[in-house]
Amino acid sequence: MKKAFGWILVLAVLGIAVLWVMNTYNRMVEQEEVVEASWSQVENQYQRRADLVPNLVATVKGYAKHEEATLEGVMEARAKATQITIDPANATPEQLAAYQQAQGELSQALGRLMAVAESYPELKANENFLSLQSQLEGTENRCTIARQQFNEDARNYNTLIRRFPGNIVASIFGFEKKPYFEADEEAKHAPKVEF
Amino acid sequence: MYGIDYTPATVPDPKKDGQEFYVSNPDAIIADSDVVFLNTCAQRLEKETQVELCVVALGSIGDADCFDFSYELFQRWGIGGKNKNTGVLMIFVLDSHDFRIMTGTGIEGVLTDALCSEIFRSLVPVFRAGDYGGGLCLGAMRIYEICTDGEAPEELKNMKSVTNRGKYAQMAADDDDDDDEDGWDLEGWILTFVVAFLIFLGIREKWLLRKKCPKCGKRTKLAKNEVKQNANYKHGGSGIYHYKCPKCGHEWSVPYTTPKLTVSSSSSSSSSSWSGSSYSSGSSGGSWGGGSTSGGGAGGKW
(Lines give C-alpha, C1' and ligand atoms only; values in the text may rest on other atoms or scores of the structure.)
Protein backbone atom coordinates (compact mmCIF):
# COMPACT_ATOMS: atom_id res chain seq x y z
CA MET A 1 0.00 0.00 0.00
CA LYS A 2 2.75 2.38 0.93
CA LYS A 3 4.76 1.53 -2.15
CA ALA A 4 1.85 2.22 -4.45
CA PHE A 5 1.19 5.49 -2.69
CA GLY A 6 4.80 6.50 -3.33
CA TRP A 7 4.45 5.83 -7.03
CA ILE A 8 1.21 7.74 -7.28
CA LEU A 9 2.89 10.69 -5.67
CA VAL A 10 5.82 10.56 -8.06
CA LEU A 11 3.46 10.47 -11.03
CA ALA A 12 1.52 13.37 -9.60
CA VAL A 13 4.68 15.40 -9.24
CA LEU A 14 5.74 14.59 -12.78
CA GLY A 15 2.27 15.44 -14.03
CA ILE A 16 2.32 18.82 -12.35
CA ALA A 17 5.78 19.53 -13.67
CA VAL A 18 4.66 18.75 -17.20
CA LEU A 19 1.61 20.97 -16.79
CA TRP A 20 3.77 23.80 -15.58
CA VAL A 21 6.12 23.48 -18.53
CA MET A 22 3.17 23.44 -20.91
CA ASN A 23 1.59 26.46 -19.32
CA THR A 24 4.82 28.44 -19.32
CA TYR A 25 5.57 27.57 -22.92
CA ASN A 26 2.09 28.56 -24.00
CA ARG A 27 2.28 31.88 -22.23
CA MET A 28 5.56 32.61 -23.95
CA VAL A 29 4.06 31.75 -27.31
CA GLU A 30 1.09 34.00 -26.62
CA GLN A 31 3.23 36.92 -25.58
CA GLU A 32 5.43 36.45 -28.62
CA GLU A 33 2.30 36.68 -30.75
CA VAL A 34 1.43 39.92 -29.00
CA VAL A 35 4.86 41.31 -29.80
CA GLU A 36 4.56 40.30 -33.45
CA ALA A 37 1.16 41.91 -33.68
CA SER A 38 2.54 45.09 -32.16
CA TRP A 39 5.36 44.99 -34.68
CA SER A 40 3.00 44.73 -37.58
CA GLN A 41 1.12 47.70 -36.17
CA VAL A 42 4.37 49.68 -36.23
CA GLU A 43 4.95 48.65 -39.82
CA ASN A 44 1.38 49.56 -40.75
CA GLN A 45 1.68 53.06 -39.42
CA TYR A 46 5.01 53.67 -41.07
CA GLN A 47 3.62 52.34 -44.33
CA ARG A 48 0.65 54.64 -43.98
CA ARG A 49 3.06 57.52 -43.67
CA ALA A 50 5.06 56.38 -46.66
CA ASP A 51 1.85 56.20 -48.68
CA LEU A 52 1.11 59.86 -47.97
CA VAL A 53 4.41 61.03 -49.35
CA PRO A 54 3.88 60.86 -53.15
CA ASN A 55 0.64 62.83 -52.89
CA LEU A 56 2.27 65.35 -50.59
CA VAL A 57 5.24 65.81 -52.89
CA ALA A 58 2.97 66.26 -55.89
CA THR A 59 0.90 68.90 -54.11
CA VAL A 60 3.93 70.87 -52.96
CA LYS A 61 5.47 70.64 -56.44
CA GLY A 62 2.47 72.41 -57.87
CA TYR A 63 3.18 75.49 -55.77
CA ALA A 64 6.89 75.33 -54.99
CA LYS A 65 8.40 74.77 -58.37
CA HIS A 66 11.97 75.48 -57.42
CA GLU A 67 12.30 73.25 -54.41
CA GLU A 68 13.34 70.18 -56.37
CA ALA A 69 16.24 69.32 -54.12
CA THR A 70 14.03 69.11 -51.07
CA LEU A 71 11.33 67.17 -52.89
CA GLU A 72 13.80 64.69 -54.29
CA GLY A 73 15.31 64.28 -50.86
CA VAL A 74 11.93 63.25 -49.51
CA MET A 75 11.32 60.73 -52.29
CA GLU A 76 14.75 59.21 -51.78
CA ALA A 77 14.31 58.94 -48.03
CA ARG A 78 10.94 57.31 -48.60
CA ALA A 79 12.42 54.76 -50.98
CA LYS A 80 15.09 53.85 -48.45
CA ALA A 81 12.61 53.56 -45.64
CA THR A 82 10.22 51.30 -47.52
CA GLN A 83 13.02 48.97 -48.57
CA ILE A 84 13.91 47.79 -45.10
CA THR A 85 11.73 44.97 -43.84
CA ILE A 86 12.14 43.08 -40.62
CA ASP A 87 10.99 39.65 -39.63
CA PRO A 88 9.90 40.11 -36.03
CA ALA A 89 10.58 36.50 -35.15
CA ASN A 90 14.30 36.87 -35.77
CA ALA A 91 14.96 40.57 -35.43
CA THR A 92 18.30 41.66 -34.06
CA PRO A 93 18.92 44.99 -32.33
CA GLU A 94 21.04 46.10 -35.30
CA GLN A 95 18.23 45.41 -37.75
CA LEU A 96 15.78 47.32 -35.66
CA ALA A 97 18.19 50.21 -35.26
CA ALA A 98 18.69 50.34 -39.02
CA TYR A 99 14.92 50.35 -39.55
CA GLN A 100 14.45 53.09 -37.02
CA GLN A 101 17.25 55.07 -38.60
CA ALA A 102 15.74 54.90 -42.08
CA GLN A 103 12.35 55.99 -40.77
CA GLY A 104 14.03 58.77 -38.84
CA GLU A 105 15.65 60.06 -41.99
CA LEU A 106 12.29 60.16 -43.70
CA SER A 107 10.96 62.11 -40.72
CA GLN A 108 13.73 64.62 -41.11
CA ALA A 109 13.23 64.94 -44.86
CA LEU A 110 9.53 65.54 -44.25
CA GLY A 111 10.40 68.11 -41.65
CA ARG A 112 12.46 69.98 -44.19
CA LEU A 113 9.64 69.78 -46.68
CA MET A 114 7.19 71.25 -44.20
CA ALA A 115 9.63 74.02 -43.36
CA VAL A 116 9.92 74.82 -47.07
CA ALA A 117 6.14 74.88 -47.41
CA GLU A 118 6.06 77.66 -44.85
CA SER A 119 7.28 80.16 -47.39
CA TYR A 120 4.44 79.48 -49.80
CA PRO A 121 1.24 81.04 -48.47
CA GLU A 122 -0.85 79.75 -51.36
CA LEU A 123 0.33 76.25 -50.64
CA LYS A 124 -0.50 76.62 -46.97
CA ALA A 125 -4.03 77.64 -47.85
CA ASN A 126 -4.55 74.76 -50.24
CA GLU A 127 -7.18 72.38 -48.86
CA ASN A 128 -5.47 69.31 -50.21
CA PHE A 129 -2.19 70.29 -48.64
CA LEU A 130 -3.82 71.00 -45.30
CA SER A 131 -5.57 67.66 -45.38
CA LEU A 132 -2.34 65.83 -46.22
CA GLN A 133 -0.49 67.72 -43.55
CA SER A 134 -3.01 66.78 -40.90
CA GLN A 135 -2.90 63.18 -42.03
CA LEU A 136 0.88 63.28 -41.83
CA GLU A 137 0.77 64.67 -38.32
CA GLY A 138 -1.80 62.09 -37.31
CA THR A 139 0.27 59.29 -38.78
CA GLU A 140 3.44 60.45 -37.09
CA ASN A 141 1.57 60.39 -33.79
CA ARG A 142 0.32 56.90 -34.48
CA CYS A 143 3.85 55.77 -35.28
CA THR A 144 4.98 57.10 -31.92
CA ILE A 145 2.24 55.25 -30.10
CA ALA A 146 2.88 52.07 -32.08
CA ARG A 147 6.57 52.18 -31.17
CA GLN A 148 5.77 52.73 -27.51
CA GLN A 149 3.33 49.87 -27.62
CA PHE A 150 5.85 47.57 -29.27
CA ASN A 151 8.51 48.43 -26.72
CA GLU A 152 6.12 47.69 -23.88
CA ASP A 153 5.06 44.35 -25.33
CA ALA A 154 8.66 43.44 -26.11
CA ARG A 155 9.64 44.30 -22.57
CA ASN A 156 6.90 42.09 -21.14
CA TYR A 157 8.01 39.25 -23.39
CA ASN A 158 11.68 39.66 -22.51
CA THR A 159 10.89 39.71 -18.81
CA LEU A 160 8.82 36.57 -19.23
CA ILE A 161 11.56 34.60 -20.94
CA ARG A 162 14.33 35.80 -18.66
CA ARG A 163 12.69 35.28 -15.30
CA PHE A 164 13.56 32.20 -13.30
CA PRO A 165 12.42 29.40 -13.57
CA GLY A 166 10.70 30.28 -16.84
CA ASN A 167 14.03 30.99 -18.49
CA ILE A 168 14.80 27.27 -18.42
CA VAL A 169 11.74 26.59 -20.54
CA ALA A 170 12.66 29.51 -22.77
CA SER A 171 16.14 28.25 -23.50
CA ILE A 172 14.94 24.70 -24.12
CA PHE A 173 12.44 25.86 -26.70
CA GLY A 174 14.59 28.59 -28.17
CA PHE A 175 12.74 31.76 -27.19
CA GLU A 176 15.01 34.70 -27.76
CA LYS A 177 15.08 38.24 -26.57
CA LYS A 178 13.37 40.86 -28.73
CA PRO A 179 15.07 44.16 -29.53
CA TYR A 180 13.68 47.57 -28.58
CA PHE A 181 13.20 50.86 -30.33
CA GLU A 182 15.65 53.30 -28.86
CA ALA A 183 14.37 56.56 -27.40
CA ASP A 184 14.31 59.07 -30.19
CA GLU A 185 13.59 62.50 -28.81
CA GLU A 186 13.62 64.33 -32.11
CA ALA A 187 11.11 62.23 -33.91
CA LYS A 188 8.73 62.26 -31.00
CA HIS A 189 6.14 64.46 -32.59
CA ALA A 190 5.15 65.38 -36.08
CA PRO A 191 6.71 68.34 -37.82
CA LYS A 192 4.49 71.02 -36.42
CA VAL A 193 3.32 74.04 -38.28
CA GLU A 194 2.11 76.87 -36.09
CA PHE A 195 -0.89 78.83 -37.25
CA MET B 1 -4.11 80.10 -11.67
CA TYR B 2 -6.97 77.86 -12.63
CA GLY B 3 -6.75 75.37 -9.85
CA ILE B 4 -4.53 72.35 -9.87
CA ASP B 5 -2.37 70.86 -12.59
CA TYR B 6 -4.23 67.76 -13.62
CA THR B 7 -2.67 64.44 -14.45
CA PRO B 8 -4.48 61.60 -16.20
CA ALA B 9 -4.96 60.05 -12.78
CA THR B 10 -6.52 63.09 -11.18
CA VAL B 11 -8.93 64.23 -13.87
CA PRO B 12 -12.43 63.55 -12.50
CA ASP B 13 -14.22 60.91 -14.52
CA PRO B 14 -17.73 62.08 -15.42
CA LYS B 15 -18.97 58.49 -15.57
CA LYS B 16 -18.58 58.27 -11.80
CA ASP B 17 -21.70 60.35 -11.47
CA GLY B 18 -23.64 58.18 -13.82
CA GLN B 19 -23.75 56.67 -17.25
CA GLU B 20 -25.45 59.73 -18.71
CA PHE B 21 -22.51 62.07 -18.07
CA TYR B 22 -19.79 62.61 -20.63
CA VAL B 23 -18.23 65.92 -19.69
CA SER B 24 -15.44 66.62 -17.23
CA ASN B 25 -15.37 70.30 -16.32
CA PRO B 26 -13.79 70.46 -12.86
CA ASP B 27 -12.58 74.06 -13.09
CA ALA B 28 -15.86 75.29 -14.56
CA ILE B 29 -14.05 76.49 -17.67
CA ILE B 30 -17.27 76.17 -19.60
CA ALA B 31 -20.76 77.16 -18.57
CA ASP B 32 -23.31 74.70 -17.20
CA SER B 33 -25.57 75.27 -20.16
CA ASP B 34 -22.76 74.19 -22.45
CA VAL B 35 -22.19 71.10 -20.33
CA VAL B 36 -25.86 70.22 -20.68
CA PHE B 37 -25.67 70.65 -24.44
CA LEU B 38 -22.55 68.50 -24.65
CA ASN B 39 -24.11 65.76 -22.56
CA THR B 40 -27.23 65.78 -24.71
CA CYS B 41 -25.17 65.70 -27.87
CA ALA B 42 -23.02 62.84 -26.59
CA GLN B 43 -26.07 60.89 -25.47
CA ARG B 44 -27.74 61.17 -28.84
CA LEU B 45 -24.51 60.26 -30.55
CA GLU B 46 -24.14 57.16 -28.42
CA LYS B 47 -27.75 56.19 -28.96
CA GLU B 48 -27.58 56.50 -32.71
CA THR B 49 -24.07 55.25 -33.40
CA GLN B 50 -22.77 53.71 -30.17
CA VAL B 51 -19.88 56.16 -30.30
CA GLU B 52 -18.67 57.30 -26.89
CA LEU B 53 -17.78 60.97 -26.90
CA CYS B 54 -15.86 62.28 -23.93
CA VAL B 55 -15.30 66.00 -23.41
CA VAL B 56 -12.68 67.25 -20.98
CA ALA B 57 -12.08 70.91 -20.24
CA LEU B 58 -9.24 71.68 -17.85
CA GLY B 59 -7.57 74.77 -16.55
CA SER B 60 -4.11 73.32 -16.59
CA ILE B 61 -2.15 70.13 -17.10
CA GLY B 62 1.13 71.70 -16.05
CA ASP B 63 3.98 71.11 -18.46
CA ALA B 64 2.60 67.85 -19.74
CA ASP B 65 2.44 67.29 -23.45
CA CYS B 66 -1.18 67.35 -24.54
CA PHE B 67 -0.86 64.42 -26.93
CA ASP B 68 0.71 62.14 -24.31
CA PHE B 69 -1.80 63.33 -21.73
CA SER B 70 -4.73 62.66 -24.03
CA TYR B 71 -3.44 59.23 -24.94
CA GLU B 72 -2.97 58.23 -21.32
CA LEU B 73 -6.37 59.54 -20.34
CA PHE B 74 -8.05 57.79 -23.25
CA GLN B 75 -6.42 54.47 -22.39
CA ARG B 76 -6.93 54.84 -18.67
CA TRP B 77 -10.64 55.50 -18.93
CA GLY B 78 -11.09 53.12 -21.84
CA ILE B 79 -13.30 55.37 -23.95
CA GLY B 80 -15.31 53.53 -26.54
CA GLY B 81 -16.68 50.01 -26.64
CA LYS B 82 -14.19 47.27 -25.88
CA ASN B 83 -14.62 45.45 -29.15
CA LYS B 84 -15.49 48.45 -31.25
CA ASN B 85 -13.11 51.14 -30.09
CA THR B 86 -15.33 53.86 -31.48
CA GLY B 87 -14.50 56.34 -28.78
CA VAL B 88 -13.65 60.03 -29.15
CA LEU B 89 -11.89 62.24 -26.65
CA MET B 90 -12.18 66.00 -27.10
CA ILE B 91 -9.82 67.73 -24.72
CA PHE B 92 -9.38 71.44 -24.07
CA VAL B 93 -6.68 72.94 -21.86
CA LEU B 94 -6.90 76.61 -21.02
CA ASP B 95 -3.51 77.80 -19.84
CA SER B 96 -1.43 75.97 -22.45
CA HIS B 97 -3.92 76.68 -25.24
CA ASP B 98 -4.15 73.02 -26.14
CA PHE B 99 -6.95 71.34 -27.96
CA ARG B 100 -7.10 67.82 -29.32
CA ILE B 101 -9.54 65.34 -30.68
CA MET B 102 -8.29 61.82 -30.17
CA THR B 103 -10.01 58.98 -31.99
CA GLY B 104 -10.39 55.34 -31.15
CA THR B 105 -9.10 52.82 -33.65
CA GLY B 106 -12.60 51.87 -34.72
CA ILE B 107 -13.75 55.37 -35.59
CA GLU B 108 -10.71 56.43 -37.61
CA GLY B 109 -12.33 55.56 -40.87
CA VAL B 110 -15.28 57.86 -40.26
CA LEU B 111 -13.78 60.61 -38.12
CA THR B 112 -10.52 60.86 -40.00
CA ASP B 113 -7.44 62.76 -38.99
CA ALA B 114 -8.14 65.21 -41.79
CA LEU B 115 -11.66 65.89 -40.52
CA CYS B 116 -10.42 66.30 -36.97
CA SER B 117 -7.85 68.76 -38.21
CA GLU B 118 -10.57 70.66 -40.07
CA ILE B 119 -12.67 70.84 -36.93
CA PHE B 120 -9.71 72.03 -34.93
CA ARG B 121 -8.87 74.77 -37.38
CA SER B 122 -12.45 75.97 -37.45
CA LEU B 123 -12.53 76.22 -33.67
CA VAL B 124 -9.28 78.16 -33.27
CA PRO B 125 -10.86 81.58 -33.84
CA VAL B 126 -13.75 80.71 -31.52
CA PHE B 127 -11.39 79.75 -28.72
CA ARG B 128 -9.25 82.79 -29.31
CA ALA B 129 -12.30 84.97 -28.95
CA GLY B 130 -12.81 83.46 -25.51
CA ASP B 131 -15.89 81.35 -26.20
CA TYR B 132 -14.55 78.05 -24.93
CA GLY B 133 -17.89 76.43 -24.24
CA GLY B 134 -19.27 77.53 -27.55
CA GLY B 135 -16.26 76.16 -29.36
CA LEU B 136 -16.56 72.78 -27.68
CA CYS B 137 -20.27 72.64 -28.48
CA LEU B 138 -19.52 73.39 -32.11
CA GLY B 139 -16.89 70.67 -32.11
CA ALA B 140 -19.29 68.15 -30.63
CA MET B 141 -21.96 69.09 -33.15
CA ARG B 142 -19.52 68.61 -35.98
CA ILE B 143 -18.49 65.22 -34.67
CA TYR B 144 -22.14 64.29 -34.35
CA GLU B 145 -22.83 65.37 -37.91
CA ILE B 146 -19.92 63.39 -39.28
CA CYS B 147 -20.86 60.25 -37.41
CA THR B 148 -24.53 60.36 -38.35
CA ASP B 149 -23.99 61.22 -41.99
CA GLY B 150 -25.05 58.71 -44.60
CA GLU B 151 -23.84 55.20 -43.92
CA ALA B 152 -21.58 56.19 -41.07
CA PRO B 153 -23.99 55.17 -38.27
CA GLU B 154 -24.30 51.65 -39.62
CA GLU B 155 -20.58 51.37 -40.15
CA LEU B 156 -19.93 52.54 -36.61
CA LYS B 157 -22.52 50.29 -35.04
CA ASN B 158 -21.16 47.27 -36.83
CA MET B 159 -17.57 48.17 -36.16
CA LYS B 160 -15.39 45.41 -34.81
CA SER B 161 -11.96 46.67 -34.01
CA VAL B 162 -10.44 44.59 -31.29
CA THR B 163 -6.93 45.75 -30.63
CA ASN B 164 -4.03 43.98 -29.03
CA ARG B 165 -4.44 46.35 -26.18
CA GLY B 166 -8.02 45.31 -25.84
CA LYS B 167 -7.28 41.69 -25.22
CA TYR B 168 -4.10 41.77 -23.25
CA ALA B 169 -4.32 45.10 -21.52
CA GLN B 170 -7.56 43.96 -19.99
CA MET B 171 -5.87 40.93 -18.52
CA ALA B 172 -3.05 43.02 -17.14
CA ALA B 173 -5.46 45.59 -15.76
CA ASP B 174 -7.52 42.93 -14.05
CA ASP B 175 -4.48 41.69 -12.24
CA ASP B 176 -4.09 45.20 -10.87
CA ASP B 177 -0.56 45.81 -12.09
CA ASP B 178 0.49 42.41 -10.94
CA ASP B 179 2.78 40.81 -13.46
CA ASP B 180 0.59 38.41 -15.34
CA GLU B 181 3.64 36.89 -16.91
CA ASP B 182 5.15 35.71 -13.65
CA GLY B 183 7.01 32.49 -14.34
CA TRP B 184 6.14 31.27 -10.85
CA ASP B 185 2.47 30.47 -10.99
CA LEU B 186 -0.10 28.06 -9.66
CA GLU B 187 1.52 24.93 -11.02
CA GLY B 188 4.84 26.07 -9.64
CA TRP B 189 3.37 26.48 -6.19
CA ILE B 190 1.60 23.15 -6.28
CA LEU B 191 4.83 21.55 -7.38
CA THR B 192 6.72 23.17 -4.53
CA PHE B 193 4.21 22.08 -1.94
CA VAL B 194 4.07 18.54 -3.21
CA VAL B 195 7.85 18.26 -3.24
CA ALA B 196 8.01 19.76 0.24
CA PHE B 197 5.38 17.30 1.37
CA LEU B 198 7.33 14.40 -0.08
CA ILE B 199 10.46 15.56 1.65
CA PHE B 200 8.51 15.82 4.87
CA LEU B 201 7.19 12.30 4.46
CA GLY B 202 10.70 11.09 3.77
CA ILE B 203 12.04 12.74 6.90
CA ARG B 204 9.20 11.38 8.94
CA GLU B 205 9.85 7.88 7.67
CA LYS B 206 13.54 7.97 8.31
CA TRP B 207 13.56 9.90 11.53
CA LEU B 208 10.41 10.50 13.47
CA LEU B 209 8.74 7.13 13.19
CA ARG B 210 11.88 5.27 14.05
CA LYS B 211 12.96 4.52 17.55
CA LYS B 212 16.51 4.26 18.81
CA CYS B 213 17.78 0.78 19.59
CA PRO B 214 18.50 0.66 23.34
CA LYS B 215 21.67 -1.29 22.68
CA CYS B 216 23.45 0.28 19.74
CA GLY B 217 21.45 3.43 19.13
CA LYS B 218 20.52 2.76 15.52
CA ARG B 219 17.24 4.21 14.49
CA THR B 220 14.94 1.29 13.91
CA LYS B 221 11.61 1.25 12.17
CA LEU B 222 8.56 -0.56 13.48
CA ALA B 223 8.68 -4.30 12.82
CA LYS B 224 5.20 -5.18 14.00
CA ASN B 225 2.20 -3.48 15.56
CA GLU B 226 0.42 -5.99 17.76
CA VAL B 227 -3.03 -4.50 18.42
CA LYS B 228 -4.67 -5.92 21.52
CA GLN B 229 -7.86 -3.95 21.17
CA ASN B 230 -9.04 -0.93 19.20
CA ALA B 231 -10.34 2.20 20.88
CA ASN B 232 -14.13 2.62 20.88
CA TYR B 233 -16.72 4.52 22.90
CA LYS B 234 -16.70 2.00 25.75
CA HIS B 235 -13.03 1.61 26.40
CA GLY B 236 -9.66 2.77 25.18
CA GLY B 237 -7.32 0.80 22.96
CA SER B 238 -4.04 -0.91 23.66
CA GLY B 239 -1.30 -2.75 21.85
CA ILE B 240 2.39 -3.47 21.66
CA TYR B 241 4.96 -2.08 19.22
CA HIS B 242 7.65 -4.65 18.38
CA TYR B 243 11.04 -3.48 17.17
CA LYS B 244 14.03 -5.38 15.80
CA CYS B 245 17.29 -3.53 15.31
CA PRO B 246 18.83 -4.30 11.90
CA LYS B 247 22.36 -3.51 13.11
CA CYS B 248 22.73 -5.51 16.30
CA GLY B 249 19.65 -7.78 16.08
CA HIS B 250 18.29 -6.68 19.41
CA GLU B 251 14.55 -7.09 19.81
CA TRP B 252 12.40 -5.10 22.19
CA SER B 253 8.78 -4.16 22.72
CA VAL B 254 6.95 -1.05 23.77
CA PRO B 255 3.35 -1.28 24.99
CA TYR B 256 0.95 1.62 24.33
CA THR B 257 -2.60 2.73 24.96
CA THR B 258 -4.97 4.94 23.05
CA PRO B 259 -7.71 7.02 24.62
CA LYS B 260 -11.42 6.18 24.56
CA LEU B 261 -13.40 7.85 21.79
CA THR B 262 -15.75 10.67 22.82
CA VAL B 263 -18.59 12.37 21.01
CA SER B 264 -17.24 15.90 20.64
CA SER B 265 -13.83 14.83 19.40
CA SER B 266 -15.14 13.19 16.26
CA SER B 267 -16.96 16.11 14.76
CA SER B 268 -15.44 19.36 13.69
CA SER B 269 -17.65 22.22 14.54
CA SER B 270 -18.48 24.32 11.57
CA SER B 271 -20.24 27.55 12.00
CA SER B 272 -22.40 28.47 9.12
CA SER B 273 -22.28 32.04 8.14
CA TRP B 274 -23.08 34.20 5.24
CA SER B 275 -20.18 34.59 2.95
CA GLY B 276 -20.35 38.28 3.39
CA SER B 277 -22.46 40.95 1.93
CA SER B 278 -22.33 41.31 -1.77
CA TYR B 279 -20.83 44.55 -2.94
CA SER B 280 -22.12 46.51 -5.80
CA SER B 281 -19.38 48.26 -7.66
CA GLY B 282 -20.31 51.88 -8.09
CA SER B 283 -23.80 52.23 -6.77
CA SER B 284 -24.98 54.86 -9.15
CA GLY B 285 -21.91 55.28 -11.31
CA GLY B 286 -21.32 54.15 -14.82
CA SER B 287 -18.26 53.52 -16.88
CA TRP B 288 -16.73 53.89 -20.28
CA GLY B 289 -16.75 50.89 -22.57
CA GLY B 290 -13.10 49.88 -22.28
CA GLY B 291 -11.95 50.96 -25.70
CA SER B 292 -8.55 52.14 -26.80
CA THR B 293 -6.91 54.48 -29.25
CA SER B 294 -3.86 54.23 -31.46
CA GLY B 295 -3.19 57.92 -31.21
CA GLY B 296 -5.19 59.21 -34.16
CA GLY B 297 -7.09 62.43 -34.48
CA ALA B 298 -5.75 65.95 -34.64
CA GLY B 299 -5.19 69.03 -32.60
CA GLY B 300 -2.73 71.71 -31.65
CA LYS B 301 -2.41 75.08 -30.00
CA TRP B 302 -5.20 77.57 -30.47
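Q: R48(A): buried, exposed or partly exposed?
A: R48(A) is partly exposed, at a relative accessible area of 32%. Buried means under 20% relative accessible area, exposed over 50%, partly exposed in between (1.4 Å probe, protein chains only).

Q: What kind of model is this, and how is it numbered?
A: It is a predicted model: local features need pLDDT of at least 70, side-chain atom pairs count only at pLDDT 80 or more, and totals for chains, interfaces and linings use all residues. Residues run from 1 along each chain as its sequence is written, chains are lettered from A and ligands numbered from 1 in the order in which they are written, and side-chain values use heavy atoms, leaving out hydrogens and water.

Q: Which side chain meets R48(A) in a salt bridge?
A: E108(B), at 3.8 Å, N to O. A salt bridge here is a side-chain nitrogen of Lys or Arg within 4 Å of a carboxyl oxygen of Asp or Glu. The pair crosses between chains: R48(A) sits in helix α1 (residues 2–63) of chain A, E108(B) in the loop between β4 and α3 of chain B. Helices (H or I, at least four residues) and strands (E, at least two) are DSSP runs, numbered from the N terminus.

Q: E108(B), buried or exposed?
A: E108(B) counts as buried, with 16% relative accessibility.

Q: Which residues are in the salt-bridge network with that pair?
A: R48(A), R142(A), E108(B) and D113(B) are linked in it.

Q: How many salt bridges over all chains?
A: Twelve. Among them, E140(A) meets R49(A) at 2.9 Å, N to O. That pair links distant parts of the chain, 91 residues apart: E140(A) in helix α5 (residues 127–162) and R49(A) in helix α1 of chain A. E140(A) is buried at 5%, and R49(A) is buried at 0%.

Q: Where do E48(B) and R44(B) lie?
A: Both are in helix α1 of chain B, four residues apart, about one turn of the helix. E48(B) is partly exposed at 30%, and R44(B) is partly exposed at 47%.

Q: Switching to the sheet. What is the strand order in chain B?
A: β1-β2-β3-β4-β10, an open sheet of five strands with mixed pairing. Two strands pair if DSSP finds at least two bridges between them. The edge strands are β1 (23–24) and β10 (293–301), each pairing on one side only.

Q: How many bridges join β3 to β4 in chain B?
A: Six, between β3 (residues 87–93) and β4 (residues 98–104), which run antiparallel. M90(B) has I101(B) as its bridge partner in β4(B).

Q: Which strands does helix α4 of chain B touch?
A: Helix α4 (residues 132–147) packs on the sheet and touches β2, β3 and β4 of chain B. Contact means heavy atoms within 4.5 Å. Its direction makes about 165° with that of β3(B). Axes are lines fitted to C-alpha atoms, for helices over the stretch in contact, and angles run from 0 to 180 degrees between N-to-C directions.

Q: And D98(B): where is it?
A: D98(B) is in strand β4 of chain B. D98(B) is buried, at 7%. Its side chain makes a polar contact of 2.9 Å with that of S96(B). A polar contact is a pair of N or O atoms within 3.5 Å; within protein, one must be able to donate a hydrogen and the other to accept it, and residues adjacent in sequence count only if both atoms are side-chain atoms.
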